[in-house]
Amino acid sequence: MFRRHYKFLCVVAYGILKDEDAAEDIVQDFFLSLWQRRAEVTLLLSFQAYAVRAVKNLSISHLRKKQTLSDEHLRVVADEPDPLEEKEIFLSGETITARVMEVVESLPAERKKIFLLHVIDRLSYAQIAEKNNISLNTVKTQMKKAYAFIRAQVSGDTLGIILLSIWFRDF
């Protein structure tokens with residue numbers, strides 16, 4: 001559940017908080033709370049519907065605690081349409097995620113391997129070079145080409161760009 005929904009839920013939280021670190025913290029707190037209450041939680045809706053609503057509520061609570069926004073702005077955020085009610089937005093997020101993964105899969109084999117070692121396994125360029133017995137410059141070149149290719153493929157999709165910025169924010 002965590003791997004499948006984490007990035008999308010970060011996008012939901014970021015839409016309210018406008019702070020990537022806080023958004024990630026909110027989503028991690030949600031999953032921790034869910035895990036601690038797993039015996040008590042019964043889902044009547046889909047997991048994603050439950051998770052989106054919970055993350056949205058946690059984000060608004062976070063803003064209230066921080067008192068970073070006026071009461072009026074909080075009402076506007078709270079009154080925004082639920083992403084689940086806007087099926088097109090909800091489905092396009094899943095579609096974009098699938099599209100990004102499709103683009104990653106279309107990378108040449110060696111480039112994809114290097115890219116996934118860095119993004120998924122969080123290995124440094126030096127660790128990748130050592131592990132694959134290649135030069136550091138080869139890793140840098142392959143990563144640069146991979147990022148450029150992925151960005152070019154999803155550049156027309158606003159949500160895709162947001163997902164990419166969250167996925168690749170450390171780079």
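1. A helix axis here is a line fitted to the C-alpha atoms over the stretch in contact, and angles run from 0 to 180 degrees between N-to-C directions. With that in hand, a few friendly notes on this predicted model.

2. First, the overall layout. The protein chain holds 9 helices and 0 strands, so its pattern along the sequence reads α-α-α-α-α-α-α-α-α, with helices taken as DSSP runs. Of its 171 residues, 39% count as buried. Among contacts with a separation of 6 or more, 59% join residues 24 or more positions apart.

3. Now to helix α1, which spans residues 2-17. Its buried residues are His5, Tyr6, Phe8, Leu9, Cys10, Val11, Val12, Ala13, Ile16 and Leu17. After α1 comes lysine 18, and its phi is positive, near 60°.

4. How do α1 and α2 pack? The angle is about 130°, and the axes lie 8 Å apart. The two helices are therefore oblique to each other, and α1 passes α2 in a right-handed crossing. On the α1 side the contact involves Phe2, His5, Tyr6, Leu9, Cys10, Ala13, Tyr14 and Leu17. These meet Glu20, Ala22, Ala23, Glu24, Ile26, Val27, Gln28, Phe30 and Phe31 in α2. By class, this contact has 13 nonpolar, 2 polar and 2 charged residues.

5. The next pair is α2 (residues 20-36) with α3 (residues 47-66), packed at an angle of about 125° with axes 10 Å apart. From α2, the residues in contact are Ala22, Ile26, Val27, Phe30, Phe31 and Leu34. Their partners in α3 are Phe47, Tyr50, Ala51, Ala54, Val55, Leu58, Ser59 and His62. The residues of this contact divide into 12 nonpolar, 2 polar and no charged.

6. Finally, the charged pairs. Side chains of opposite charge can pair when their charged atoms come close. How many salt bridges does the count give? It comes to 1. The partners are glutamate 105 and lysine 112, whose side chains meet at 2.9 Å, N to O. Is glutamate 105 buried, exposed or partly exposed? At 47% relative accessibility, glutamate 105 counts as partly exposed, because that class lies between the 20% and 50% limits.

Conventions
Residues numbered from 1 in each chain as written. Predicted model: local features only at pLDDT ≥ 70, side-chain atom pairs only at ≥ 80, totals over all residues. Heavy atoms only, no water. Buried < 20%, exposed > 50% of the residue type's maximum accessible area, 1.4 Å probe, protein only. Helix = DSSP H or I, 4+ residues; strand = E, 2+ residues; numbered from the N terminus. Contact = heavy atoms within 4.5 Å. Nonpolar A, V, L, I, M, F, W, Y, C, P; charged D, E, K, R; others polar. Salt bridge = Lys/Arg side-chain N within 4 Å of Asp/Glu carboxyl O. Parallel < 35°, antiparallel > 145°, perpendicular 65-115°, else oblique. Left-handed = near helix turned anticlockwise from the far one by under 90°.
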